[in-house]
Amino acid sequence: QLNHGLVVFKKPSKKAAAALVKILHLNSSDSIQGVCNQSRINDYEVVHRKDVVLFRPGPTKPWLAGEVWLHACVHDIHITLVTQWDLRTVCRTSRSAEWHVRDDKFDVIFTSDILCAVTYIRLGHGIARTLVPSDLL
């Protein structure tokens, strides 16, 4: 079994550390053990910065999409910073979903809540379409 989590991590830059301290309401950047552009989410898949992923937002919704900005390890907890997209429609026949792309709505999620990376296309006017694995429909 492969180790899940940050693939090759490093100390965060001052800008990344400051952003994480602010977003996570930390007292200092000392608790940030590392940041990375890629993280292993299961034995077969690595998610990279700028990938679009489907993730579990909690018990109220089955999944949401977002673009990965950064993976980090804080207090031995693996987290991912994503820009969360707003769902517009789901088409079960084409196994796709349409999203309103948000670049201003950051969310911190547990890396373990990432279900998969998805193929996507930006359609313009802030709209994107992703494929959705059939087991999630």
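**Exercise 1.** Work out how many residues lie between S7 and S8 in their hairpin, and which residue in the turn has a positive phi.

*Solution.* Start with the terms: a strand is a DSSP run of E with at least two residues, numbered from the N terminus, and two strands pair if DSSP finds at least two bridges between them. Next, look at the turn: four residues sit between S7 and S8, and Arg95 there has a positive phi of about 50°. Now follow the pairing: S7 (residues 77-91) and S8 run antiparallel, joined by five bridges.

A note on the model: it is predicted, with local features needing pLDDT of at least 70 and side-chain atom pairs counting only at pLDDT 80 or more, while totals for chains, interfaces and linings use all residues. Residues are numbered from 1 along each chain as its sequence is written, and side-chain values use heavy atoms, leaving out hydrogens and water.

**Exercise 2.** Find out why S8 is largely enclosed by the rest of the structure.

*Solution.* First, the cut-off: buried means under 20% relative accessible area (1.4 Å probe, protein chains only). Then count: four of the five residues of S8 (residues 96-100) are buried, so this strand is largely enclosed. S8 also pairs with S12 (residues 127-131), antiparallel and over five bridges. In that pairing, Ser96 stands opposite Leu131.

Conventions. Buried means under 20% relative accessible area, exposed over 50%, partly exposed in between (1.4 Å probe, protein chains only).
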